[in-house]
Amino acid sequence: MVRHGESTANALNQYTGWNNVGLTQEGIIQAHVAAKKLQGFEFEHVHTSVLKRAILTAYIIQDDLNLNYVPITKSWRLNERHYGALRGQNKDATRREFGVEQVHLWRRSFYAVPPKLDHADPNVGPYKYYDARIMPLAESLYDAYQRIVPYYVDQVAPRLLDGKDQLIVAHGSTIRALIKYIEGISDQDIDGVEVANGTPLIYEFDKKLNILTSNRQSK
Ligand SMILES: O=C(O)[C@H](O)COP(=O)(O)O
């Protein structure tokens, strides 16, 4: 699993969520560095979100690995957590306005829901196929987990069970949700899990998808 390279919003320290921002030059470099660390893997399928920072990162990795021919699925289920009304705001400015503890809860706790939008996003661009009634106004990590894990169970796990390497290129929260599911981390302990841009997280599983090895460093 790889979190996209640095985005233009990351560089500005802004909450991003479903904002469709591109990569910075640094983000592009991080994607190439991620690909170097993944040399030798022959991924059978690539999974990403409908957000371009993840798609661009996936394309760079596929290209560097000469795996351009590998099928790629772009699913809204792998989108970053919807950051609601925090989207676009500077993270330090919200610490000053709401306090460090509240901001930490919004960003890292499993159940805290960020302040909601007044109206759902319009069904345009990457969201044009989705009914306005299922567009979130904001998501906790728990809300995002509910949509992300079914994707993993339906689309990724069966391919792993077939012995095929899978590449997921997604977002900080998407990957935190998947780490929680795959490693069975508690609702409390997920608070301490961080995912850096462009740093591959590699799991090796046995035939029943128990973890054999992982390069994840816990704090
Ligand atoms: O959506 C965002 O702002 C980032 O991708 C992740 O933000 P976080 O570090 O607050 O989880």
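Visitor: Where does H4 lie in the chain?

Guide: This is a predicted model. The strand β1 covers 2-3, and the helix α1 covers 8-11.

Visitor: Is H4 buried or exposed?

Guide: A residue is buried if 20 or more other C-beta atoms lie within 10 Å of its own. For H4 the number is 34, so H4 is buried.

Visitor: Which residues does UniProt list for "active site"?

Guide: The annotation comes from an unreviewed UniProt entry. The positions in that entry are spread over 77 residues of sequence, yet they cluster in space, with a largest C-alpha distance of 10.5 Å.

Visitor: Where does E80 lie, and is it buried or exposed?

Guide: E80 is in the loop between β3 (72-74) and α4 (91-98). Around E80 there are 26 other C-beta atoms within 10 Å. Since 20 or more make a residue buried, E80 is buried.

Visitor: Which residues is H4 in contact with, leaving aside its neighbours within four places in sequence?

Guide: Two residues are in contact if their C-beta atoms lie within 7 Å. H171 is one of the contacts of H4, and H171 is also among the residues that E80 touches. The contacts of H4 are G27, R53, A54, T57, V169, H171 and N197.

Visitor: Is N13 buried or exposed?

Guide: N13 stands in the loop between α1 and α2 (25-37). Its phi is positive, about 60°, although N13 is not a glycine. Because 12 or fewer C-beta neighbours make a residue exposed, and N13 has 11 inside 10 Å, N13 counts as exposed.

Visitor: What phi does L209 have?

Guide: L209 is found in the loop between β5 (203-205) and β6 (211-214). L209 is partly exposed, with 13 other C-beta atoms within 10 Å. Although L209 is not a glycine, its phi is positive, at about 65°.

Visitor: What radius of gyration does the chain have?

Guide: The C-alpha trace spans about 45 × 35 × 35 Å along its principal axes. For 219 residues, a compact globule would have a radius of gyration near 17 Å. The chain agrees with that value, at 17 Å.

Visitor: How many helices and strands does the chain have?

Guide: From the N terminus on, the elements run β-α-α-β-α-β-α-α-α-β-α-β-β. The secondary structure comes to 7 helices and 6 strands.

Methods: Residues numbered from 1 in each chain as written. Predicted model: local features only at pLDDT ≥ 70, side-chain atom pairs only at ≥ 80, totals over all residues. Helix = DSSP H or I, 4+ residues; strand = E, 2+ residues; numbered from the N terminus. Rg over C-alpha atoms; globule rule 2.2 N^0.38 Å. UniProt positions renumbered as here; feature names shortened; annotations may be inferred.
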